[in-house]
Amino acid sequence: MEMPLLVALREDGSVDPALDPALGREDLLFLFRKMLLLRALDDKAVILQRAGRIGFYVPSSGQEAAEIGSGFALKDGDWLFPSYRDQGAALVRGYPLSSIVGQLFGNASDAIKGHQMPNHWCDRSINLVSVSSPVATQLPQAVGAGYAAKLRGDNIAVIAYFGDGGTSTGDFHAAMNFAGVYGTPTVFFCSNNQYAISLPVARQTASGSIATKAAAYGFEGVRVDGNDLLAVYGVTRGALEKARAGGGPTLIEALTYRMGPHSTSDDPTRYRPEEERADWAKRDPVRRFAEHLLRAGVVDGKTAETLAEEAREEVARVVKECEGAPPVSRESLVEDVYAETPWHLAEQRKLLSRGGG
Amino acid sequence: MATMTLIQAIHDALSGEMERNPGVVLLGEDIGRNGGVFRATEGLWERFGPERVIDTPLAESGIVGMAIGMALYGLRPIAEIQFADFIYPAFEQIVSELAKFRYRSAGQFPAPVVIRAPSGGGIKGGLYHSQSPEAYFIHTAGLKVVMPSTPADGKGLLTSAMRGPDPVIFLEPKALYRTAKGEVPEGEYTVPLGKARIVREGSDVSLITYGAMVPVAEEASGEGEKDGVSVEIIDLRTLWPLDVGAVDRSVQKTGRAIVLHEAPRTCGFGAELSATIHERSFLHLKAPVTRVTGFDTPFPYALEKAYMPDARRVLDAIRQTVHY
């Protein structure tokens with residue numbers, strides 16, 4: 001089933017007034033900086049991985065508008081259940097770059113003590129839930145958190161991020177179904193980036209669009225241009241407001257493109273044509289947003305380049321800080337398994353301190 | 001003290017904790033209006049409302065996933081899986097999510113969910129209403145695994161589980177739901193997790209067991225008594241983390257050990273118990289540790305009684321161990 005695609009940013013950089021969220025100059029600049037920072041982080045992290053300085057990385061180049069635009073729509077008190085590609089949403093929610101980078105290094109600068117591989121961070125202080133590798137497991141959890149908020153009478157919304165691949169899982173179905181039945185304040189944000197590792201979305205689902213699946217669960221599905229920050233922001237803000245007001249869940253499909261590999265372990269030339277990537281590069285969300293800012297007079301060409309350089313410098317500085325931190329303590333291996341260390345882990349810790357590893 | 005069955009004691013623990021803590025919510029299939037297929041939640045839907053006694057769609061992964069989200073948010077969710085045999089759709093949520101949330105967030109996001117599941121055979125339930133899946137969960141770091149055998153422990157252990165900081169797989173021996181009767185303290189009552197119970201003291205052999213095998217052990221040890229064999233029975237109550245001190249003390253006193261469970265033998269919890277006893281008490285042992293278990297087959301229907309360890313098989317093991 002075809003669904004209309006909501007677009008605010010036109011090709012010439014102007015904005016459709018019907019979908020213009022009317023953001024102020026300060027907000028536009030803030031968002032542009034976050035996009036640049038996210039792109040700069042991607043560029044640097046891939047180099048770090050290639051040089052063997054970090055073990056792994058999940059890039060999100062091409063998806064900056066979907067990430068930054070949706071994350072910016074959240075309010076304090078809202079909860080965010082991310083997947084491993086959602087560092088952009090985390091960043092715009094206030095998760096510091098230094099925390100993202102510290103987690104990549106998995107040393108003493110990592111708040112989770114190197115317990116997880118890169119791109120698997122969290123921050124309790126801003127309700128940014130811990131990332132896991134299994135796909136879509138966070139979706140029923142987001143429904144549960146939303147149910148809990150509703151039960152407590154908290155006026156908040158919960159957003160859950162996932163990709164097109166995630167929509168094939170049982171947990172997607174369970175979560176959508178539960179959310180529909182209970183009317184939880186959940187926003188399902190699907191970054192349809194066209195590929196789940198190698199599988200194109202046309203082989204992931206025959207339903208024509210992902211947004212249309214919402215109808216089967218009894219709530220609204222929306223399809224938005226995921227490379228259009230203004231449209232993504234407006235649509236997500238609307239869905240979150242509806243959720244907070246008791247209007248129940250929404251499924252948002254943000255149509256975007258993963259310009260890089262699935263992860264640093266992936267080689268996309270094996271499964272997709274370069275022409276396709278080049279075609280999507282013309283719709284690069286960072287450049288599109290920059291063109292809008294230029295047209296709107298928010299920045300000039302020189303400022304835009306200065307901001308990009310500042311982003312690269314910030315990433316370089318943070319990488320330097322984090323990389324120099326000492327390794328995590330060996331004893332931390334057995335910490336955080338249970339609230340208190342049980343006898344068997346205390347015994348195993350003794351084996352550890354005798355050497356090895 | 002009131003005399004209760006195990007299922008009544010479970011109900012008493014749930015209703016008492018719901019009364020005391022508004023953050024406790026129950027969720028599962030048919031637990032609301034219907035009161036649960038075993039009636040563990042009877043009347044709670046009427047008493048506490050459908051928002052706290054939540055009938056869910058038929059999806060175990062959704063139930064456990066939702067419970068995790070509730071726990072992250074700060075509630076105390078108690079999920080019921082209608083039969084332990086149906087827990088596998090939730091296996092990923094339990095193993096990859098629930099068990100690992102504390103570790104993967106370095107303590108920022110603990111997820112203290114209790115999952116109750118009727119477990120074990122003895123009700124002519126065949127392959128899919130009889131399984132004992134405890135070993136999967138004991139093998140998974142981050143979970144506590146509990147199984148009561150008496151009504152008092154059912155109440156006390158479940159109350160502790162609902163108050164504790166860690167996720168708990170709470171397996172209820174369904175064969176004992178209505179056959180186990182006993183005195184249960186009224187009002188608030190807890191039994192600490194991680195502490196075994198000595199069911200009866202003895203000097204010749206330690207019989208280490210849990211759940212529905214406790215009454216089987218009692219019957220067998222009574223028979224053993226007639227042979228002049230003094231059997232000490234340990235009901236582990238919390239399977240993991242194991243009360244290793246209780247096992248050490250008993251085995252080092254008697255010099256012999258039998259582990260008894262109805263789950264299949266290979267890689268069953270008995271294997272871990274046997275290895276642990278050999279490692280820690282080898283020089284005290286007068287005989288190898290013997291396992292009495294279910295068979296390495298799917299749980300049978302017609303031959304249920306042949307499959308489940310009974311007093312006869314336990315008694316044979318007692319005799320072989322004592323006369324090794």
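In chain B of this predicted model, B:Ser206 stands opposite B:Glu232 of strand E11. Helices (H or I, at least four residues) and strands (E, at least two) are DSSP runs, numbered from the N terminus. B:Ser206 belongs to a pairing between strand E10 (residues 205-209) and strand E11 (residues 231-235) of chain B. The two run in the parallel sense over 5 bridges; strands count as paired if DSSP finds at least two bridges between them. Residues are numbered from 1 along each chain as its sequence is written, and chains are lettered from A and ligands numbered from 1 in the order in which they are written. Because the model is predicted, local features need pLDDT of at least 70 and side-chain atom pairs count only at pLDDT 80 or more, while totals for chains, interfaces and linings use all residues.

Helix H8 (residues 213-226) of chain B lies across E9, E10, E11 and strand E13 (257-264) of that chain. The helix runs at about 175° to E11(B). Helix H10 (residues 269-281) of chain B also packs on the sheet. Its contacts are with E10, E13 and E14 of chain B, and its direction makes about 160° with that of E13(B). Axes are lines fitted to C-alpha atoms, for helices over the stretch in contact, and angles run from 0 to 180 degrees between N-to-C directions. Residues are in contact if their C-beta atoms, placed from the backbone, lie within 7 Å.

The sheet is open and holds 5 strands of chain B, in the order E9-E11-E10-E13-E14. Its pairing is mixed. Strand E9 (197-200) and strand E14 (290-294) of chain B each have a single partner strand, so they stand at the edges with one side left without a neighbour in the sheet. From one strand to the next, the twist averages 25°.

Chain B as a whole comprises 12 helices and 14 strands. Its radius of gyration, taken over C-alpha atoms, is 19 Å. The C-alpha trace of chain B spans about 60 × 40 × 40 Å along its principal axes. Of the 324 residues in chain B, 60% are buried. A residue is buried if 20 or more other C-beta atoms, placed from the backbone, lie within 10 Å of its own, exposed if 12 or fewer, and partly exposed in between. Among contacts in chain B between residues at least 6 apart in sequence, 80% join residues at least 24 apart.

At the interface, 37 residues of chain A are in contact with 35 residues of chain B. Helix H5 (138-152), helix H6 (170-182) and helix H12 (343-353) of chain A each supply at least two residues of the chain A side. H5(A) gives the largest share, 10 residues. The chain A side divides into 22 nonpolar, 11 polar and 4 charged residues. Here Ala, Val, Leu, Ile, Met, Phe, Trp, Tyr, Cys and Pro count as nonpolar, Asp, Glu, Lys and Arg as charged, and the others, Gly among them, as polar.

A:Ser130 lies in the loop between helix H4 (97-105) and H5 of chain A. A:Ser130 is buried, with 28 other C-beta atoms within 10 Å. Leaving aside neighbours within four places in sequence, A:Ser130 is in contact with A:Cys122, B:Phe101, B:Arg104, B:Ser105 and B:Phe109.

Terms used. Two residues are in contact if their C-beta atoms, placed from the backbone, lie within 7 Å. The radius of gyration is taken over C-alpha atoms; the globule rule is 2.2 Å times the number of residues to the power 0.38.
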